[in-house]
Every structure is written in C-alpha cells, then in structure tokens.
Amino acid sequence: ALRGQLRRSSAAERRATRGLAASGQKAEDRRALVRRLLRFVGSLGGECHGLVLREPAPEDLQRPVSKLGLKLHLSFGNVLVELEPSELLPHLARLLKRGPKRSVRLAAGESLHALLRYVIGTDSVRQEQDGGDAAGEAATTFAEVLRQPLLPLALRAAADEDSTIKELFSTLMKQTVSWMAHRPADASLSSLRDSLLEAIGDPISPSLRSTAAFLFSQLYKELQSKSQKAGQAPVPAKHLMRHLLAAASHVDRRMQLGAMRALLSCSSSLDVDDASEVLQVVFLCLQATHSDDP
C-alpha cells in the first residue's frame, strides 16, 4: 500500500512539473509575441515610435516639412515603390544619433552620406530665376534642403565620437567647402555659411563648435584663394568675414568662443583691413568677458 501511495505521489509531482513548464513556455511565447508586435508597430513611423522609444523627443515624431524633390525607385519583387527621401531623414537622423548598435549607426551614416553627395552633386541654379534673391544670389534647387536638415546633420556627424563616422563626414564636409567656394556665389553657399555659423554657436557640443570653426576658416581661405587666382578683389571672403565678426560680437559666450576659434584659424590669411577689424572685435570680446568666471 505504501508503494502504491509513493507511485501516485511521484506521478502527481511529474504532472505538476509539466504543467509549470507549459505555463512558463506560454508566458515566454506571449512576451515574444508582444515584442514582435511592438517592433512592427514601431516600424510604421510617426507617433507609433512612442511605443518602442523611451520618452521620444518631439523632433523624433515630426516629419520634415520640405521635400527634397527627389524620387527613389525601390523594387520589391514585382512591385516598384516610389519613395520620397525626406520621409527617411527623421529615421536616419535618429539612428545616426542613438542607434541600438554600431552597425546600425554606420549604416545610417552611409545612407545620409550618399544622399548628401547626390544632392550636392546635382544641385544647380534654377533656370526660371532670372534676378536671384534680394541679396543678389542665384537661387538653387536644393539650397533650403541643404540649410535644413542635410548640412546640420552632416556637421554633427563630422563631430561624432565614432571615428569612422567622423572621418567619413569630415572628408565630405571639406570637399563640400572646397566645391562650393569655387562655384559662383549662390544660395547654396549661403546655406553652407549659415549652417556653419549655427554649429559654431551650438550650446551642447564643444566638438561640433570646434569642427564648424575649422570648416568656416577653410571656407574663408578657399574664397580668398579663388579671388587671388582670378586677380579680383576678395569680395566674397570679406562678406564672409563680416558674418564671422558679427558672430564674435554675439552676446552668447559659446557663439563668441566658436567664432574666436574660427578667427584664430583665419589669422594667417587676413589682409590688413580685415586684421584691424578683427583686432577691434577681439579687444571688445576680451573686455566683455573679463568679469566672467573662468
């Protein structure tokens, strides 16, 4: 009788163990299903990213207002999809900034790099614009898209902590500066100038301020070299220097510091007139910052 009772007890224990294992497997399958559903919903874009991102920033949930005017044709089997690249930019920017893996960040960087190269390479003066804008600059196809968001994204990538991404975009930005400096002055050159000035005064990243200051000085030197080779007065370079001096006189100390770095890099190429104006601004900045904390 005792032997039979022990057998019944062992069978009950085995059934209980199998029941617990089955319930645990069901719970694990349920969690895996929930994760798959969240990944799918998050891939839809827009506000659905709030389901998979922890406390998403508002800019992550906004789609760009401007369109690039480009169409990418992607083939999925027998289906041909026409895609507007501006719809990809918020996702590329988010993945480049905080992708879950380095390989994801690199892939996002390469995609943005290819898109920016295409835009810069195909940018041209709008033929329908006969008089340009109020500043006398010829309007270009992608000037506004370069101003926001492509060039700011590329500048941040050029100051990235990842050495591969930094090298990739640093080289591209140097090439962009040289390319735009040797073209006739147009709206795209102004977009580059404005993007560099904005990055010079960035309130968060010292690396971005330093990178933008160096590129701004390179743009100044390239414009000067172009005028000297053509035997012309360096009007574009002087116009660029006026913007830099205005940034050095800005009330924000970070903007002043970035502009001073750019002026220091430009110092070897300054002519007499520019040098005297630069010294006046430097003295005023030193006087204004004398009482600041170190």
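# Reading patches, salt bridges and a helix face

Author: Start with Phe76, which is exposed, at a relative accessible area of 54%. This is a predicted model. Phe76 sits in strand β1.

Reader: Which residues form the nonpolar patch on the surface?

Author: Leu74, Phe76, Val79 and Val81 make it up. Together they have about 340 Å² of accessible area. Two elements each give two or more residues to the patch: β1 (72-76) and β2 (79-83).

Reader: Now to charges. What is the general idea behind a salt bridge?

Author: Side chains of opposite charge can pair when their charged atoms come close. The cut-off here is 4 Å, from a side-chain nitrogen of Lys or Arg to a carboxyl oxygen of Asp or Glu.

Reader: How many salt bridges does a search of the whole structure find?

Author: Eight. Take Arg147 with Glu144 as one case: their closest N and O atoms are 3.6 Å apart. That pair is within the cut-off because the limit is 4 Å.

Reader: Where do Arg147 and Glu144 lie?

Author: Both are in helix α4 (residues 143-158). They are three residues apart, about one turn of the helix. Glu144 is exposed, with 52% relative accessibility. Arg147 is partly exposed, at 23%.

Reader: Which salt bridge does Arg147 form with Asp194, and at what N to O distance?

Author: Their side chains meet at 2.2 Å, N to O. This pair links distant parts of the chain, with Asp194 in helix α6 (residues 187-200) and Arg147 in helix α4, 47 residues apart. Asp194 is partly exposed, at 25% relative accessibility.

Reader: Which residues are linked in the network of salt bridges?

Author: Glu144, Arg147, Arg193 and Asp194. Arg193 belongs to helix α6.

Reader: Is Arg193 buried or exposed?

Author: Buried, at 12% relative accessibility. Then check the neighbours. Leaving out residues up to four places away in sequence, Arg193 touches Glu137, Phe216, His239, Leu240 and His243.

Reader: Which salt bridge does Arg156 form?

Author: The side chain of Arg156 meets that of Asp202, at 2.6 Å from N to O. Again the pair links distant parts of the chain: Arg156 is in helix α4, Asp202 in the loop between α6 and α7 (206-230), and they are 46 residues apart. Compare the accessibility of the two partners. Arg156 is partly exposed, with a relative accessible area of 44%. Asp202 is buried, with 6%.

Reader: On to helices. How do I read the length of helix α8?

Author: Set its span beside the expected one. Helix α8 covers residues 235-248, 14 residues in total. From first C-alpha to last, α8 reaches 20 Å. That is close to the 20 Å expected at 1.5 Å a residue.

Reader: Which residues of α8 are buried?

Author: Ala237, Leu240, Met241, Leu244, Leu245, Ala247 and Ala248. They cover an arc of only 150° around the axis, so they fall on the same side of α8.

Definitions and conventions: Residues numbered from 1 in each chain as written. Predicted model: local features only at pLDDT ≥ 70, side-chain atom pairs only at ≥ 80, totals over all residues. Heavy atoms only, no water. Helix = DSSP H or I, 4+ residues; strand = E, 2+ residues; numbered from the N terminus. Buried < 20%, exposed > 50% of the residue type's maximum accessible area, 1.4 Å probe, protein only. Contact = heavy atoms within 4.5 Å. Patch = residues over 30% accessible without salt bridge, like charges linked within 9 Å, V, L, I, M, F, W, Y side chains within 5 Å. Areas by Shrake-Rupley, 256 points an atom, 1.4 Å probe, with all protein chains shown as cover. Expected span 1.5 Å × (residues − 1). Arc of directions from axis to C-beta.
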